[in-house]
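Hello,

Here is the structure I said I would pass on. Please open it first, then read the notes below alongside it.

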Amino acid sequence: MSEEILYRLRGIKRVVTDGRLVLDIEDLEIPEGSLTAVVGPNGSGKTTLLTILAFLVRPEEGEIVFRGKRVEAGDEVALRRIVTMVHQAPLLFHGSVFKNVAYGLRIRRVPRSQWEGRVREALALVDLEGFERRSVKGLSGGETQRVALARSLVFRPEVVLLDEATAGVDAARVEMVETLIQDVSAKLGASIILSTHNLAQAYRLTDRVIHMSAGRVVRGGMDNLFSGHGEHENGWNFIRLRSGPRIAVPGCPPGAIRFMIPSASIDIAAAPGGGEGINRYEGTVTRMEIRGRMVRLRVAGELGLRAEMAPEEVEKRGIRLGGRVVAVVPPEAVQILDS
Amino acid sequence: MSSEALGIEVFDIMGVSLRVSLVATTLATAVSVPAGFLIAVREFCGKRTLVAVINSLMAMPTVVVGLLVYILLSRSGPLGFLGILYTPRAIVVGQFILALPIITALTYAATSSVDERVRKTAESLGATPAQSAWMVLKEGRLGIIAAVVAGFGRVIAEVGSAIMVGGNIRGYTRTMTTAIALETAKGNFALGITLGAVLMAVALSINLMVDTFLGRRS
């Protein structure tokens, strides 16, 4: 069954006033109901991408398709009723926490009788029960961030975009916000797209990670995330997966480890034969689909993998749907996320 | 003149002053607040020049406005057919013109200083353009109220336009400022000083009321 596509972006270009191209996305799809992270360094275009996905900014060029319908000028206001964005360093309006959180209900003309219950519920989600009457003036950075989150969740949006949601939150509350993000996805069924600098957080929280650099998507959410245990044997470092197979890596700490294998780093060739290497796994191609200029492959076997290859390579290597293949993972491609 | 009659006359003069100034300020607010807001939130060619012109108009001498309105409303002027010269309406027209640049310029300044994130945040939460504009106005309300108060202060204290287009007719178009000018010219300094004190008291009362209101709101 193919997954429903929430956003489809084609040829998106965003140019700022000084003429600089800050976003250049050739092709990007984000599935419905997913938890997606956008990672990249400062200035890589994460926030710009989020503001475009939030329909706050219109790109100079390109096409956005939202739930199968091309977004035209003038559609944005209606779409912003179901898509919301929590900005980095969010701003709270003057007045009380209640007034802020109830704002989304007020502008949607939700009956006033429902406000109190809904606001209380939203504040409880972010662990701020009893804050309704507090003025926003005395709130800490973390509390401000959480009130902003409650303000965006109170009207039960279908898509939530979070720009560095844990940036101002103290370390003790980060886990709470991360749990909340996962709860919102699971309980409200909302699709969540978050930007973060923290690669470990991105992989910890989300199903897909979009890597950005200089306004471009450099990897589009097809990486492989695993967890296992670090081992040392005959001078080699391995990570053993719970399911059995192990992967040689240049170095790893002992104990539980989460790690990632970028889909583009996996070398795949038709079996018998195929590439050579210490991390060599056999499997069957269960899925092949063309996405932009690349072919995405899913390989089922002792180590289930997702890989990305150029179409001419797929043809040259004799890879076909249902065919047996050998996947080789270079040890240096394995990225340890946390331990 | 008995003190009772004097009191009644002062009361009448104060009534004319407050009426014309409040009407002129209300009309100017209705035009200037949206204008100042739009100039602040929209980008267009010539915006800086327009702002500079409006700022310059704040210093427009009241007699120049009086002269302009006189030319417009005099029998041979383009609006002479209205027949409102030497009536309170003519004073309202003059004061309206005087208040326009002040309220517009100060509304522009107040709106420009509202954090850009207010509009973006409101839109992120699903606000329509009108709802997000209203939010910007609400966040800048202290500055906008100050703009209206400044406009009112300017018109209730002006004398040049009121005397030229109102004619200082006793019991009809005599305002506190025109009365002060007249009584001083006649050598009735005591009455002039009394009217001046009343004018200051009125201005102070209005400012205190606004201040109390703003204090409660914030």
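Arg67(A) counts as partly exposed because its relative accessibility is 33%, which falls between the limits of 20% for buried and 50% for exposed. The residue sits in the loop that joins β4 (61-66) and β5 (69-70) of chain A. Bear in mind that the model is predicted.

Asn168(B), which is not a glycine, has a positive phi of about 55°. Asn168(B) is found in the loop between α8 (160-166) and α9 of chain B. With a relative accessible area of 11%, Asn168(B) is buried.

Helix α9 of chain B covers residues 176-186, and its buried residues include Met176(B), Ile180(B) and Glu183(B). Just after this helix comes Gly187(B), with a positive phi of about 90°.

Now the interface. On chain A, 22 residues are in contact with 17 residues of chain B. The two chains bury about 1700 Å² between them, and 54% of that is on carbon and sulfur atoms. Leu91(A), Phe93(A) and Tyr103(A) supply 31% of the area that chain A buries against chain B, more than any other three residues.

Between the chains there are 0 salt bridges, while 9 residue pairs are in polar contact. On the side of chain A that touches chain B, the elements giving two or more residues are β6 (83-86), α3 (97-107) and α5 (141-153). The residues on that side divide into 11 nonpolar, 5 polar and 6 charged.

Regards

Key:
Residues are numbered from 1 along each chain as its sequence is written. Chains are lettered from A and ligands numbered from 1 in the order in which they are written. This is a predicted model: local features need pLDDT of at least 70, side-chain atom pairs count only at pLDDT 80 or more; totals for chains, interfaces and linings use all residues. Side-chain values use heavy atoms; hydrogens and water are left out. Contact means heavy atoms within 4.5 Å. Buried area is the accessible area (1.4 Å probe) that two parts lose on being put together, summed over both. A salt bridge is a side-chain nitrogen of Lys or Arg within 4 Å of a carboxyl oxygen of Asp or Glu. A polar contact is a pair of N or O atoms within 3.5 Å; within protein, one must be able to donate a hydrogen and the other to accept it, and residues adjacent in sequence count only if both atoms are side-chain atoms. Helices (H or I, at least four residues) and strands (E, at least two) are DSSP runs, numbered from the N terminus. Ala, Val, Leu, Ile, Met, Phe, Trp, Tyr, Cys and Pro count as nonpolar, Asp, Glu, Lys and Arg as charged, and the others, Gly among them, as polar. Buried means under 20% relative accessible area, exposed over 50%, partly exposed in between (1.4 Å probe, protein chains only).
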